[in-house]
Amino acid sequence: MKIAVCVSGGGTNLQAIIDAIDKGTITNTQIEVVISNNADAYALERAKKAGIKAVCISPKSYESRAAFNEDFLKQLNSYHVDLVVLAGFLVVIPPEMIKQYRNRIINIHPSLIPSFCGTGYYGLKVHEGVLARGVKVTGATCHFVDEGTDTGPIILQKAVEVKQGDTPEVLQRRVMEQAEWKIMPHAIDLIANGRVSVEDGHVIIDEK
(Lines give C-alpha, C1' and ligand atoms only; values in the text may rest on other atoms or scores of the structure.)
Protein backbone atom coordinates (compact mmCIF):
# COMPACT_ATOMS: atom_id res chain seq x y z
CA MET A 1 0.00 0.00 0.00
CA LYS A 2 1.35 3.38 -0.99
CA ILE A 3 0.61 6.25 1.38
CA ALA A 4 0.99 10.03 1.42
CA VAL A 5 1.52 11.64 4.83
CA CYS A 6 0.33 15.26 5.18
CA VAL A 7 1.74 17.25 8.07
CA SER A 8 2.06 20.90 9.12
CA GLY A 9 4.58 20.85 11.95
CA GLY A 10 7.27 18.81 13.65
CA GLY A 11 6.13 15.47 12.35
CA THR A 12 6.24 13.31 15.50
CA ASN A 13 3.38 11.16 14.17
CA LEU A 14 5.20 10.92 10.84
CA GLN A 15 8.27 9.69 12.72
CA ALA A 16 6.17 7.10 14.53
CA ILE A 17 4.95 5.83 11.15
CA ILE A 18 8.47 5.76 9.66
CA ASP A 19 9.77 3.88 12.72
CA ALA A 20 6.88 1.39 12.66
CA ILE A 21 7.51 0.60 8.98
CA ASP A 22 11.24 0.11 9.75
CA LYS A 23 10.43 -2.19 12.69
CA GLY A 24 7.85 -4.18 10.74
CA THR A 25 4.90 -3.24 12.97
CA ILE A 26 3.41 -1.60 9.87
CA THR A 27 3.59 -4.16 7.07
CA ASN A 28 2.84 -4.06 3.37
CA THR A 29 3.23 -0.24 3.33
CA GLN A 30 5.55 2.39 1.90
CA ILE A 31 5.45 6.17 2.25
CA GLU A 32 5.38 7.55 -1.27
CA VAL A 33 5.47 11.24 -0.34
CA VAL A 34 5.31 13.61 2.62
CA ILE A 35 3.37 16.81 1.90
CA SER A 36 3.39 19.92 4.09
CA ASN A 37 1.65 23.27 3.76
CA ASN A 38 4.52 24.80 5.75
CA ALA A 39 7.95 25.18 4.16
CA ASP A 40 9.56 25.35 7.61
CA ALA A 41 7.92 22.16 8.94
CA TYR A 42 10.52 19.89 10.53
CA ALA A 43 8.46 16.99 9.15
CA LEU A 44 10.00 17.72 5.73
CA GLU A 45 13.47 17.22 7.22
CA ARG A 46 12.38 13.95 8.83
CA ALA A 47 11.17 12.75 5.43
CA LYS A 48 14.40 13.70 3.67
CA LYS A 49 16.49 11.95 6.35
CA ALA A 50 14.45 8.81 5.77
CA GLY A 51 14.92 9.05 1.99
CA ILE A 52 11.27 9.93 1.37
CA LYS A 53 10.15 12.54 -1.16
CA ALA A 54 9.19 15.74 0.68
CA VAL A 55 6.99 18.41 -0.94
CA CYS A 56 5.69 21.77 0.27
CA ILE A 57 2.35 22.95 -1.14
CA SER A 58 1.43 26.18 0.61
CA PRO A 59 -1.86 28.07 0.25
CA LYS A 60 0.21 31.26 0.48
CA SER A 61 1.63 30.52 -2.98
CA TYR A 62 -1.80 30.69 -4.65
CA GLU A 63 -4.10 33.60 -5.44
CA SER A 64 -7.10 31.79 -3.96
CA ARG A 65 -8.00 28.84 -1.75
CA ALA A 66 -9.79 27.28 -4.73
CA ALA A 67 -6.58 27.42 -6.81
CA PHE A 68 -4.64 25.85 -3.93
CA ASN A 69 -7.24 23.10 -3.46
CA GLU A 70 -7.19 22.27 -7.16
CA ASP A 71 -3.39 22.08 -7.39
CA PHE A 72 -3.08 20.22 -4.07
CA LEU A 73 -5.42 17.49 -5.34
CA LYS A 74 -3.68 17.37 -8.71
CA GLN A 75 -0.26 16.94 -7.09
CA LEU A 76 -1.56 14.36 -4.64
CA ASN A 77 -3.13 12.36 -7.48
CA SER A 78 0.21 12.31 -9.32
CA TYR A 79 1.62 9.98 -6.62
CA HIS A 80 -1.15 7.36 -7.08
CA VAL A 81 -1.41 6.62 -3.36
CA ASP A 82 -3.86 4.19 -1.80
CA LEU A 83 -4.22 6.05 1.50
CA VAL A 84 -3.77 9.66 2.66
CA VAL A 85 -2.63 10.01 6.29
CA LEU A 86 -3.24 13.36 8.02
CA ALA A 87 -0.67 13.52 10.80
CA GLY A 88 -1.16 16.97 12.29
CA PHE A 89 -2.24 18.65 9.04
CA LEU A 90 -3.81 22.05 9.77
CA VAL A 91 -5.46 22.50 6.40
CA VAL A 92 -9.16 22.03 5.69
CA ILE A 93 -9.46 19.13 3.26
CA PRO A 94 -11.54 20.24 0.24
CA PRO A 95 -14.82 18.36 -0.39
CA GLU A 96 -13.71 17.24 -3.87
CA MET A 97 -10.67 15.52 -2.33
CA ILE A 98 -12.82 13.82 0.34
CA LYS A 99 -15.19 12.63 -2.38
CA GLN A 100 -12.37 11.27 -4.54
CA TYR A 101 -10.65 9.57 -1.59
CA ARG A 102 -13.76 8.38 0.28
CA ASN A 103 -12.67 6.17 3.21
CA ARG A 104 -9.07 6.52 2.04
CA ILE A 105 -8.09 9.52 4.21
CA ILE A 106 -7.35 8.97 7.91
CA ASN A 107 -6.69 11.49 10.66
CA ILE A 108 -5.39 11.34 14.23
CA HIS A 109 -7.17 13.51 16.81
CA PRO A 110 -5.82 13.93 20.37
CA SER A 111 -9.03 13.20 22.30
CA LEU A 112 -11.66 10.51 22.59
CA ILE A 113 -14.14 11.65 19.93
CA PRO A 114 -16.88 12.90 20.32
CA SER A 115 -15.36 14.76 23.30
CA PHE A 116 -13.14 17.80 22.69
CA CYS A 117 -13.32 17.71 18.91
CA GLY A 118 -14.77 19.72 16.06
CA THR A 119 -14.14 23.31 15.02
CA GLY A 120 -11.54 25.07 17.14
CA TYR A 121 -10.23 21.93 18.83
CA TYR A 122 -6.72 21.30 17.53
CA GLY A 123 -3.20 21.09 18.99
CA LEU A 124 -2.87 22.32 22.57
CA LYS A 125 -6.44 23.68 22.54
CA VAL A 126 -7.72 20.10 22.87
CA HIS A 127 -5.66 19.46 26.02
CA GLU A 128 -6.54 22.88 27.46
CA GLY A 129 -10.21 21.95 27.02
CA VAL A 130 -9.69 18.58 28.72
CA LEU A 131 -7.99 20.17 31.74
CA ALA A 132 -10.54 22.99 31.98
CA ARG A 133 -13.39 20.45 32.11
CA GLY A 134 -11.61 18.30 34.67
CA VAL A 135 -12.16 14.94 32.99
CA LYS A 136 -10.15 12.01 34.35
CA VAL A 137 -9.60 10.16 31.07
CA THR A 138 -8.67 11.48 27.64
CA GLY A 139 -6.90 9.79 24.74
CA ALA A 140 -6.66 9.76 20.96
CA THR A 141 -8.85 8.72 18.05
CA CYS A 142 -7.87 7.57 14.56
CA HIS A 143 -10.74 8.06 12.13
CA PHE A 144 -11.61 8.31 8.47
CA VAL A 145 -12.16 11.85 7.19
CA ASP A 146 -15.53 12.94 5.86
CA GLU A 147 -17.06 16.34 5.10
CA GLY A 148 -17.48 17.25 8.78
CA THR A 149 -14.83 18.19 11.35
CA ASP A 150 -13.77 15.03 13.24
CA THR A 151 -17.07 13.34 12.28
CA GLY A 152 -15.85 10.46 10.09
CA PRO A 153 -16.02 6.75 10.98
CA ILE A 154 -13.83 5.87 13.99
CA ILE A 155 -11.15 3.23 13.37
CA LEU A 156 -9.31 3.01 16.71
CA GLN A 157 -9.31 4.78 20.08
CA LYS A 158 -7.00 4.56 23.08
CA ALA A 159 -7.57 6.03 26.52
CA VAL A 160 -4.96 7.97 28.50
CA GLU A 161 -5.16 8.96 32.16
CA VAL A 162 -5.29 12.65 33.05
CA LYS A 163 -3.13 13.25 36.13
CA GLN A 164 -3.36 15.94 38.80
CA GLY A 165 -0.98 18.77 38.07
CA ASP A 166 -0.92 18.13 34.31
CA THR A 167 -0.24 21.11 32.09
CA PRO A 168 -1.55 21.10 28.50
CA GLU A 169 2.03 20.45 27.29
CA VAL A 170 2.60 17.52 29.68
CA LEU A 171 -0.76 15.99 28.79
CA GLN A 172 -0.15 16.49 25.07
CA ARG A 173 3.12 14.55 25.34
CA ARG A 174 1.50 11.69 27.29
CA VAL A 175 -1.35 11.40 24.76
CA MET A 176 1.18 11.29 21.91
CA GLU A 177 3.38 8.66 23.54
CA GLN A 178 0.66 6.43 24.96
CA ALA A 179 -2.01 6.74 22.27
CA GLU A 180 -1.30 8.65 19.03
CA TRP A 181 2.01 6.98 18.19
CA LYS A 182 0.44 3.57 18.80
CA ILE A 183 -3.02 3.67 17.21
CA MET A 184 -2.15 5.51 14.00
CA PRO A 185 0.54 3.00 12.93
CA HIS A 186 -1.79 0.16 13.97
CA ALA A 187 -4.65 1.60 11.87
CA ILE A 188 -2.34 1.92 8.84
CA ASP A 189 -1.24 -1.70 9.24
CA LEU A 190 -4.86 -2.91 9.51
CA ILE A 191 -5.84 -0.98 6.36
CA ALA A 192 -2.74 -2.12 4.44
CA ASN A 193 -3.67 -5.73 5.12
CA GLY A 194 -7.30 -5.40 4.08
CA ARG A 195 -8.73 -5.74 7.58
CA VAL A 196 -10.78 -2.52 7.70
CA SER A 197 -14.14 -1.92 6.05
CA VAL A 198 -16.84 0.72 6.52
CA GLU A 199 -20.51 -0.27 6.73
CA ASP A 200 -23.28 2.26 7.43
CA GLY A 201 -20.76 4.80 8.75
CA HIS A 202 -19.15 2.33 11.16
CA VAL A 203 -15.73 0.69 10.90
CA ILE A 204 -15.61 -3.10 10.94
CA ILE A 205 -12.21 -4.61 11.79
CA ASP A 206 -11.52 -8.19 10.69
CA GLU A 207 -10.06 -9.71 13.89
CA LYS A 208 -7.76 -12.29 12.32
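The lining of the largest pocket is made up of 17 nonpolar, 18 polar and four charged residues; here Ala, Val, Leu, Ile, Met, Phe, Trp, Tyr, Cys and Pro count as nonpolar, Asp, Glu, Lys and Arg as charged, and the others, Gly among them, as polar. The model is predicted, so that local features need pLDDT of at least 70 and side-chain atom pairs count only at pLDDT 80 or more, while totals for chains, interfaces and linings use all residues. Residues are numbered from 1 along each chain as its sequence is written, and side-chain values use heavy atoms, with hydrogens and water left out.

**The largest pocket**

The lining comprises 39 residues, and those nearest the centre of the pocket are Gly88, Phe89, Leu90, Asn107 and Tyr122. A pocket is an open set of points on a 1 Å grid over the protein atoms alone where a 1.4 Å probe fits, with protein on both sides within 12 Å along at least five of seven lines; lining residues have an atom within 4 Å of a point. The space in the largest pocket amounts to about 1,000 Å³, a volume being the space filled by probe spheres set on the grid points, which are joined across faces, edges and corners. At least two lining residues come from each of helix 1 (12-23), helix 4 (95-100), strand 5 (105-109) and helix 6 (168-192).

**Overall fold**

The chain contains six helices and nine strands, where helices (H or I, at least four residues) and strands (E, at least two) are DSSP runs numbered from the N terminus. Its radius of gyration is 16 Å, close to the 17 Å given by the globule rule for 208 residues, so the chain is as compact as a globular protein of that length. This radius is taken over C-alpha atoms, and the rule is 2.2 Å times the number of residues to the power 0.38. The C-alpha trace spans about 45 × 45 × 35 Å along its principal axes. Of the 208 residues, 49% count as buried; buried means under 20% relative accessible area, exposed over 50%, and partly exposed in between (1.4 Å probe, protein chains only).

Seven strands form an open sheet in the order 3-2-1-4-5-6-7, with mixed pairing. Strand 3 (54-56) and strand 7 (154-161) stand at the edges with a single partner strand each, so one side of each has no neighbour in the sheet. On average, neighbouring strands of this sheet are turned by 20 degrees against each other, direction ignored; the axes are lines fitted to C-alpha atoms, for helices over the stretch in contact, and angles run from 0 to 180 degrees between N-to-C directions. Two strands pair if DSSP finds at least two bridges between them. Strand 2 and strand 3 run parallel and are joined by three bridges; valine 34 has alanine 54 of strand 3 as its bridge partner.

**Local backbone features**

A cis peptide bond leads from isoleucine 113 to proline 114, with omega near 20 degrees. Proline 114 is placed in the loop between strand 5 and helix 5 (124-133).

Aspartate 206 belongs to the segment after strand 9 (202-205) and is partly exposed at a relative accessible area of 38%. Between aspartate 206 and valine 84 there are 122 residues of separation in sequence and 21 Å in space, C-alpha to C-alpha.
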